[in-house]
Amino acid sequence: MTKKKRSAGAVTSPLIRRPIQRRFAIFLLPTFVCFCIGFLWPFLQGLYLSLNKFTTTSNAEWVGFGNYVKAWNDPGFRAAFGYTARVAVVSLVLINVLAFFVAYALTREIRGSSLFRGVFFVPNLIGGIVLGYIWKTIIDSVLPVSMSIQAEYGFWGLIVVMCWQQVGYMMIIYIAGLQAVPEDMLEAARIDGANGWKTLWYITLPNVMPSITICTFLSLTNGFKLYDQNLVLTNGAPVRRGIGATEMLALNIAKTFSTANQRGVAQAKAVLFFILVTTIALIQLWATRRKEVQQ
Amino acid sequence: MRKLFAVLLAAAMLLSMMSFASAEGEGKVYYLNFKPEADQAWQALAQQYQALTGVEVKVLTAASGSYSTTLTSEMDKKDAAPTLFQIGNAEGVATWADYALPLDGTELMQEMTTEDFNLKNAAGQTVAVGYCYEAYGIITNKALLEKAGYSVADITNFESLKKVADDIHARAAELGFDAFTSAGLDGSSSWRFSGHLTNMPLFYEFRDDGVTEQPATVKGSYLNAYKNIWDLYITDSAADAKKLSGYTGADAEKDFYDGKAVFFQNGTWEYADLTGKYGMNPDDLCMLPIYCGVEGEENAALCAGTENCWAVNAKASEADQKATLDFLKWVVTSEEGTQMMAEQFGPIPFKAAKASSNVFFNDATEMLNAGKYVVTWAFNYTPDVDNWRAGIVSALEQYSAGAADWGEVEYAFVDGWATAYANTH
């Protein structure tokens, strides 16, 4: 936190503040314009379209909240919600536990630890679709039946792929957090006779809480928003009694959008999806932030 | 800084004015083509027409598999939207109803030899004209069939097909080839069964019930016939029925051109690749109707229909609509146009059509001349095509692996149809 204070002090100096105040538009406007074009405008238009029946965005017919009723009454959407929550929670726990322990191991003095860091990070650089295809081939060739037949295989297949891809990324964040744990605190703990577990629990973990906040936020929202890997691994199959047993929310929305006369409904689902992910992410941020300690 | 802004703004304004200027005046044609393989031919034809008449013809081809999304975004460009596009089936008509100009009575339609392949809207107006047609069935390698001791004449119905296939499958090790190519349920292959093969039960049901427009429900009265042929495909083939989602369309094609299988369910569009790219002898190839155990099927011909129908944008200016219809008329009547259409699309249902060298089409014509009935593309009525088909594919996959019984397929077929219809209406 000392770093933050120092930089805040520099900015409050009138020598730097005044020119910035005068010219802030030059720095802010380009980003603000991009934000409006790329995010704000499509978002508002999406809200508007969710209350319409439309095929093209320029030719929409007002239907009010009918789309929301239809979206909520769709059993496929509700099933997708439950399934997505399950995937998100399981992947959240597994990814963070694995990433933390890999990071913990690689900040000990192990031979070749920088090589391992690189290797663990690489899966993150491969796109979701390509990665999904590779894993689908691998997993399906090992299993007695394909993932698209057994929903449980599909679930764990998805979890494996998510972990494999995201553990390396979260590991980097945890490593940064672990390296920032003050050496004097660790030393004090050693002198006081704390063993490894106690040090980890009472010194290390509270100090890496900011990393945990970021990582849980990222993996939770990643889990809810997951699309590519879901599409490639099972595409929602097996379908049982008309409901895709491994269909997640994003895939359900995309499939609805490609149905005739259902684009407004898909849009309504997308708005519900946005509210849901935002709410959950905010609750999670609030919960983990409380545990952060000031150094 | 302000000067720079002013210059940029002025430039932007000029640009937008220029695009408005070109949108007005003489009519122009903008064709959003959905067949990447025909892109070059269309571009060349468009240039020829432009040189001949001075009318601007722009052809844009959507990347493979992205036609629907491209069409959606292009149609949003009010003044620069496509004037000509494709509608494939009843669902397409439902989606694009506001955008499809009724074409009855146009010169283009007067050039047609049949209206069988056209699509109509709810008011009974023709809104899309089928500009070519395709046929599918069981592509057969006659040379292999003879090696196994049979001839095409031995197969006249499901019973005889099953007898031949079972025998070949039983002797597969000794013969070095099997009866059927893999019935892959990967996305590149599954449409052959969730789309084309489901046409068999749909066609016969609609024929019995006199259905002539998209029905809200189906009964699945011929699903046992569907089961017959599906069981045959997965039993009499070298593919592992437990892992069908791992087999692609290319796998099935390879089984066939490598001479590893005698029968391959596919359509006339395969001809160019099989004889060209893979060098198969046209004399060894023929196409049989899909026999599935329906009474009287000895008289069935191939499944003929199309998903290639031209629609003219109803929201385009009148000048553009006229220019588009003039262009289409030229395409189906001129030497250059009919030549290109014959090369790219085979026989076309227009008076000036040129003959095609595709043997599969010749088989189709021969069967018709012999007085057999055409199995039309009843699946064009399918509501919410992608999701309905996805349900069938998943059910077939579970059934084939023994993870679900046939009831799952029946549910996907019958209840899935009702749900799909309710969702889109």
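**A closer look at the backbone**

Mentor: Let's begin with Arg241(A), which counts as partly exposed, with 14 C-beta neighbours inside 10 Å. (Buried means 20 or more other C-beta atoms within 10 Å of a residue's own, exposed means 12 or fewer, and partly exposed is in between; the C-beta atoms are placed from the backbone.) Before going on, keep in mind that this is a predicted model, in which local features need pLDDT of at least 70 and side-chain atom pairs count only at pLDDT 80 or more, while totals for chains, interfaces and linings use all residues. As for labels, residues are numbered from 1 along each chain as its sequence is written, and chains are lettered from A and ligands numbered from 1 in the order in which they are written.

Back to Arg241(A): its phi is near 50°, a positive value in a residue other than glycine. Most residues other than glycine have a negative phi, and most peptide bonds are trans. Arg241(A) sits in the loop between strand 3 and strand 4 (243-244) of chain A. (Helices, H or I with at least four residues, and strands, E with at least two, are DSSP runs numbered from the N terminus.)

Now move to the loop between helix 11 and strand 3 of chain A, where you'll find Asn235(A). Asn235(A) also isn't a glycine, and its phi is positive at about 55°. Asn235(A) is buried, with 20 other C-beta atoms within 10 Å. Pro238(A) is in the loop between helix 11 (228-233) and strand 3 (239-240) of chain A, and a cis peptide bond with omega of about 0° joins Ala237(A) to Pro238(A).

Elsewhere in chain A, helix 4 (residues 75-107) and helix 10 (residues 209-225) pack at an angle of about 145°, their axes 8 Å apart. (Axes are lines fitted to C-alpha atoms, for helices over the stretch in contact, with angles from 0 to 180 degrees between N-to-C directions.) On the helix 4 side of chain A, the residues include Val87(A), Leu92(A) and Ile95(A), while helix 10 of chain A brings Leu220(A) and Phe224(A), among others. By class, that contact has 8 nonpolar, 6 polar and no charged residues. (Nonpolar covers Ala, Val, Leu, Ile, Met, Phe, Trp, Tyr, Cys and Pro; charged covers Asp, Glu, Lys and Arg; the others, Gly among them, are polar.)

What about the partner? The contact takes 22 residues from chain A and 32 residues from chain B. (Contact means C-beta atoms, placed from the backbone, within 7 Å.) Helix 17 of chain B gives the most to its side, with 8 residues, and that side divides into 9 nonpolar, 13 polar and 10 charged residues. The predictor gives the complex an ipTM of 0.76 and a pTM of 0.81.

Last, confidence in chain B: its mean pLDDT is 90, and 94% of its residues reach 70 or more.

Methods. pLDDT is the predictor's confidence in each residue, from 0 to 100. Two residues are in contact if their C-beta atoms, placed from the backbone, lie within 7 Å.
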